[in-house]
Amino acid sequence: TSSMEKEATTSSDESTSLQVDNHDSYGASVEKGGPVGSQEKEQQLTDLATGAEAEENGGNQVSPPQAPEKPKRKREQWDNRVQFVISLIGFAVGIGNIWRFPYYCAKNGGGAFLIPYILMLFIVGIPLFYMEILLGQSVKRGPFRVWFKISPNLAGIGIAMSIITLYISAYYNVIMSWVMLYFFNSFQSPLPWGKCFGCTVEKDNLTALQVCLDGLVRDNTTSAALNLNDTVQALESCWNFSTRYFWYHTALESSDSIEVAGTFNWRVLLCLFGAWVVIYFCLFKGIKWAGKIVYFTALLPYVVLICLFFRAVTLSGAGDGLRFFFIPSADVAREKLTDPQVWLEAATQIFFSLGLALGALIALSSYSKPTSNALRDSFIVCIANALTSVFASIIIFSVVGFQHHITKTPLTQEGLIPGPGLAFIILTEALLYMPGAPFWAVIMFIMLLMLGVDSQFATLEGFVTMLIDSKRVSRVPKEVLVGILCVSMFLGSIPFMLGNGVYLFQMFDQYAGTLPLLVLGFMEFIAVAWVFGVKR
């Protein structure tokens, strides 16, 4: 009787083990130290490539037969390859191509910065871009599930990507709110940032400006701010100060330091709300809807850039700006190329511009067909992004050369203001001297708005994909999920609306999307090359 009971128990255990999926039996064989056959290895690779969900369907637990479950949400796909590539270009080409790349060029020796930038593009940028595209379209899951499938110990990479995505999205939409504010103020003539304490800056009517400023100085209303000694200095100070005054005091209502909260900016808050409404309507219907919007949002900025290009290169003094950009002095080039900080900033710009290590590339490519030519798509997008940065820099430096030609000031690397101030101070000041200034202001801020929308909704798509792939929220309608996310992000961005919000923005911009991306990119290479294995 005892032997019969043992045989029955053994038989029952064997029948139960058949219900455990292949993935868990493979893991069990490894834990016991038994040999792993080649067929089991091939099965694991097949499960990884086809997006098998062993860990989502019960794990190591044995469950009795159950009633059929409701069908899961069917995974969407891009309509065609062109739509997918344009979406990637729209994600990669953003506002940073307009103000971040030109500033790095001016700071690091102009054309000399192109050398480390191009090397980093081919050594780091394109390989990592290609690898993330392959991971997404092979596993057909978001960033968290991709790294979890390679190894559960690597799930932290996907979590870190999601956290950085939230950080960047929180302050990136603040830029869009500033763009909206300037866009609505562009439908005026003269432009509102062309006024210095109420005095209109008009190049052809200096007498009226002189009389206006003399009256303000006599009333002691501007002497402390402008430090005016005579009329000539008053005119020059007002020309150089009007856009800064509008940016810091009218648009941002900024305080003196980060310790001072200052006033609450309701106008920018309304623009921020409008920006998140736009992002919601780009995301709530999924890839099918966003894929149709991207034809407009990704291609329109190139039309505007071409228009601005022909206007910028024909301005007086544009040649001086282009020479400053493309022909640095030999001493400056030698000094910058031997500075490790320049190479670090080149790598940082590659990561930030291409959106590497954010998880968005993995998410976007998870909706493409596994048979897509990822290498070709990666080269197209990365080269297009780099050329767009150079093309935008030609426009920026042409306008800066024109500005210094008008104000009769030397063109130096300190002439470009870091951060978004390049667009909201330098470019807006140059617009004041262009014929038909309101028209050029409108189309410039339309371009910046489209660039921001493309990059923002593609970045958030990575986080939304991670939530959809989660078992707990997979049943929640995407409209509701995206609505909760956008409302939460809007509320989280409210501190940027205070007077010290611009200082908070600078902290997020300097730390959230720079060094963490480099660390995550390094971890991605380690995970694929040594944990998963190059040969596999």
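1. Let's start with R334, which pairs up with D331 in a salt bridge, their closest N and O atoms sitting 3.2 Å apart. Keep in mind while reading that this is a predicted model. Both R334 and D331 belong to helix α15, which covers residues 330-337. They are 3 residues apart, about one turn of the helix.

2. How accessible is this pair? R334 comes out as exposed, at 52% relative accessibility. D331 is exposed too, with a relative accessible area of 56%. The cut-off for calling a residue exposed is over 50%, so R334 at 52% and D331 at 56% both land in that class.

3. Next, have a look at helix α14, residues 318-326, which holds both D320 and R323. Their side chains meet in a salt bridge, with 2.4 Å from N to O.

4. On accessibility, D320 is partly exposed, its relative accessible area being 41%. R323 is also partly exposed, at 47% relative accessibility.

5. Which parts of the chain does the salt bridge between K292 and D79 tie together? The bridge itself has its closest N and O atoms 3.4 Å apart. K292 sits in helix α13 (residues 287-312), while D79 is in the loop between α3 (38-50) and α4 (81-92), so this pair links parts that are 213 residues apart in sequence.

6. As for how open these two are, K292 is partly exposed with a relative accessible area of 48%, and D79 is partly exposed with 38%.

7. How many salt bridges does the structure hold? The count is 8, and among them are K292 with D79, D320 with R323 and R334 with D331.

8. Finally, the cysteines. The structure holds 0 disulfides.

Technical notes:
Residues numbered from 1 in each chain as written. Predicted model: local features only at pLDDT ≥ 70, side-chain atom pairs only at ≥ 80, totals over all residues. Heavy atoms only, no water. Salt bridge = Lys/Arg side-chain N within 4 Å of Asp/Glu carboxyl O. Helix = DSSP H or I, 4+ residues; strand = E, 2+ residues; numbered from the N terminus. Buried < 20%, exposed > 50% of the residue type's maximum accessible area, 1.4 Å probe, protein only. Disulfide = S-S within 2.5 Å.
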